[in-house]
Amino acid sequence: MRPIAVPRRRVLLAAAVAAATALLTTGPVAADPLPAGTSAADDRQQQYAAAAAEYGVPESVLLAVSYLESRWDTHAGQPSTSGGYGPMHLTDAAQVASTPASGHVDENEDPRGDESRPLAVDPALGAAPSGDTLPQASLQTLDAAAALTGVPEEALRTDAAANIRGGAALLASYQQELGGPDGAGSDPAAWYGAVARYSGADTEDAAAAFAAEVYDQLGLGASRTTDDGHRVTLAARAVTPDESGLHRLGLRRAERPDGLECPVRLACEWIPAPYEKYGPNPGDYGNHDLADRPAQQKIEYIIIHDTEGYFGPSVKLVQTKTYLGWHYTLRSVDGYVAQHIKAKNVGWQAGNWYVNAKSIGIEHEGFAGHGTWYTEAMYRTSAKLVRHLALRFQIPLDRQHILGHDNVPGTVAGNVAGMHWDPGPYWDWSHYFDLMKAPFQSTGTPHTGLVTIDPDFATNRPAFYGCNQQPPGVPDPPPPAEPCPLRGSSSVILHSAPSLDAPLVNDRGLRPNGTPDTMYIKDHGARASAGQTYALAGVQGDWTAIWYLGQKAWFLNPSSAPTAKWAQGFVVTPKPGKATIPVYGRAYPEQAAYPSTIPYQPISPLQYTFAAGQRYALGGVLPGEYYRAVSFDGSAPGDRTVVRGANRYVQIQFGHRVMYANLDDVLVLPAAVGASG
């Protein structure tokens with residue numbers, strides 16, 4: 001890369017020079033004292049202004065690019081899921097290569113989730129071969145920024161001001177290589193090509209989609225407080241970019257065939273998962289099932305996963321006929337989308353055949369419990385994709401229908417402990433739904449009977465432990481159990497009494513001996529997540545109780561800093577005369593509904609107790625259904641048909657995962673009737 005020519009208008013502040021010199025000799029240093037009349041809240045804004053002036057980048061462009069990378073957050077110097085650091089998301093491929101990928105498969109979970117045709121997948125397939133984790137060359141920008149600025153790489157990772165300078169230097173170098181006008185006072189419209197390159201995308205449409213988001217943000221403006229307490233503002237300014245520089249980047253043009261199920265503006269490519277035989281038996285095929293949804297069966301859910309690995313290896317896995325199949329994979333650095341299965345067909349992705357048959361699965365590059373963060377570019381792309389699919393298939397945009405894999409129940413009692421728990425506590429559900437234009441809102445009062453979890457993501461930082469120590473199974477990892485980085489989370493922690501000293505509640509599916517669940521990152525049995533709505537069980541001072549897995553569970557919810565919103569709606573409770581009723585992990589038909597050609601699929605209750613007097617939030621009323629698919633060519637008796645019964649089920653928010661109860665066993669009531677408040 002050529003050295004950056006110094007722009008004529010470049011302004012070098014003495015403080016910036018001194019800071020750079022100190023970084024070269026001693027590493028990160030404390031920020032210089034602020035000028036008189038300014039406050040610490042203004043400091044980050046000044047760092048953007050100084051970096052823009054120093055390297056000759058329009059300040060608005062620098063701010064907008066940084067917003068699309070990180071929303072101006074520092075993430076305490078921790079890397080993103082694609083090895084990017086700081087507000088400018090300077091990427092380090094070495095970090096990616098050193099992070100182990102655990103893959104999609106847990107030895108305790110059958111990803112197909114259907115006892116009529118169990119799927120045995122080798123968990124070793126989930127680990128990418130050596131060298132396969134390395135991303136494209138464009139994901140190595142940290143060292144380039146170090147060379148351009150003279151700032152050590154460690155400072156670029158951990159010092160926000162240095163990181164912003166590194167991002168500004170990269171943008172300026174890209175602009176110079178494209179031959180565009182530079183200088184802090186240059187026209188932001190002329191920086192489109194440099195912005196597109198900054199995305200790290202390796203396809204032209206992905207780079208263009210990133211740049212389009214940046215210029216949209218310029219038009220909208222933004223103002224927020226960062227995760228380390230600095231107020232930053234981007235003034236709204238309508239800009240019509242000059243897109244001519246895009247084609248000079250020399251990026252690959254991805255194929256976009258007719259029938260691709262993505263919004264037009266998203267960068268999306270068809271990379272098909274194979275529907276192929278691999279053995280002599282009718283059931284020896286992979287890696288998904290053919291169907292005719294929604295004509296044959298309504299699509300009820302969209303399931304949000306993370307890959308527990310990197311984009312390239314994950315895409316290779318989904319192209320393996322003996323592996324699993326899901327509908328989409330999203331790349332972290334730029335939000336690029338690969339579609340693998342058409343929505344009409346059934347992916348093997350959620351570990352529950354009832355849910356698989358009624359859902360679309362979306363994998364996101366990343367890790368549930370490594371303490372890394374999901375990029376803004378990927379959140380935005382995913383939100384646009386989910387909103388598009390939800391509108392097309394009439395799926396409500398709420399947390400009863402947009403589920404994490406960690407919200408999908410086990411099919412039978414023996415499968416509960418082995419179910420996956422991604423995307424985990426660091427997925428920002430509230431921001432995600434904001435992007436889908438379906439924000440979590442207060443719709444009630446303490447007397448309307450329901451409460452929707454919604455902590456402030458940036459300041460809600462539970463003290464989890466065991467990141468990067470996640471062997472199969474629960475309970476705890478082997479010692480030493482190191483603390484996870486303290487970072488924002490969507491999860492609130494549930495106690496057995498209204499006190500921080502009280503033990504956490506117990507999830508008997510994870511801990512059948514009745515011991516309390518823990519703060520181990522993988523142990524989700526005492527957590528509620530943003531957007532989930534629960535039946536109110538009591539209020540005591542700053543504490544709120546909900547009904548959760550057959551018990552009262554308490555979480556801290558002070559009026560001065562609430563972690564939940566009051567809501568209204570409907571609840572279910574056992575009918576009079578029933579001391580307890582069963583809950584299920586799937587909503588299958590009764591035996592009489594099955595024709596003689598299709599074996600009966602038993603309705604097996606889970607290990608939890610739904611007792612009289614307890615109430616759970618209603619998520620919908622569903623028909624009893626079973627989709628039969630066990631042979632490659634559909635030749636098995638009754639194959640590729642849906643069995644429907646007379647019985648119906650209610651979906652309830654029973655714990656961290658949704659579950660089902662038979663409609664005949666419950667009363668459906670307005671939540672305000674008999675509410676504890």
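Where is the place of Lys 437 in the chain? Lys 437 sits in the loop that runs between helix H13 (429-435) and strand E15 (450-453). Keep in mind that this is a predicted model.

**The chain as a whole**

- The chain has 677 residues, and 59% of them are buried.
- Its elements come to 13 helices and 28 strands.
- Take the contacts with a separation of 6 or more: 73% of them are between residues 24 or more positions apart.

- The mean pLDDT of the chain is 89, with 87% of the residues at 70 or more.
- Residues 1-41 are another matter, as pLDDT is below 50 there. The model still gives this stretch 56 contacts beyond near neighbours in sequence.
- Residues 126-137 also have pLDDT under 50. For them the model has 24 contacts beyond four places in sequence.

**Two helices that pack: H2 and H7**

- Packed helix pairs are described by two things, the angle between the axes and the distance between them.
- For helix H2 (residues 43-55) and helix H7 (residues 160-178), the angle is about 35 degrees and the axes are 9 Å apart.
- This crossing of H2 and H7 is right-handed.
- On the H2 side, the residues that meet H7 are Arg 44, Gln 47, Tyr 48, Ala 51, Glu 54 and Tyr 55. H7 brings Ala 160, Ala 161, Ile 164, Arg 165, Ala 168, Ala 169 and Ala 172 to meet them.
- Sort the residues of this H2 and H7 contact by type, and you get nine nonpolar, one polar and three charged.

**Cis peptide bonds**

- Gly 286 and Asn 287 are joined by a cis peptide bond, with omega about -10 degrees. Asn 287 belongs to the loop between strand E7 (285-286) and strand E8 (288-289).
- A cis bond also runs from Arg 293 to Pro 294, and here omega is near 0 degrees. You'll find Pro 294 in the loop between E8 and strand E9 (301-306).

**Positive phi without glycine**

- Glu 308 isn't a glycine, yet its phi is positive, at about 50 degrees. The loop between E9 and helix H10 (311-318) is where Glu 308 lies.
- Buried or exposed, which is Glu 308? Glu 308 counts as buried because its relative accessibility is 10%, and the cut-off for buried is under 20%.
- Back to Lys 437: its phi is positive too, at about 60 degrees, although Lys 437 is not a glycine.
- Lys 437 counts as exposed, because its relative accessibility is 66% and exposed means over 50%.

**A threonine in a helix**

- Thr 381 is part of helix H12 (residues 376-393).
- With a relative accessible area of 10%, Thr 381 falls under the 20% cut-off and so is buried.
- Which residues is Thr 381 in contact with, leaving aside its neighbours within four places in sequence? They are Leu 266, Leu 330, Asp 334, Gly 335 and Val 337.

Methods: Residues numbered from 1 in each chain as written. Predicted model: local features only at pLDDT ≥ 70, side-chain atom pairs only at ≥ 80, totals over all residues. Heavy atoms only, no water. Axes fitted to C-alpha atoms, helices over the stretch in contact; angles between N-to-C directions. Helix = DSSP H or I, 4+ residues; strand = E, 2+ residues; numbered from the N terminus. Left-handed = near helix turned anticlockwise from the far one by under 90°. Contact = heavy atoms within 4.5 Å. Nonpolar A, V, L, I, M, F, W, Y, C, P; charged D, E, K, R; others polar. pLDDT = per-residue confidence, 0-100. Buried < 20%, exposed > 50% of the residue type's maximum accessible area, 1.4 Å probe, protein only.
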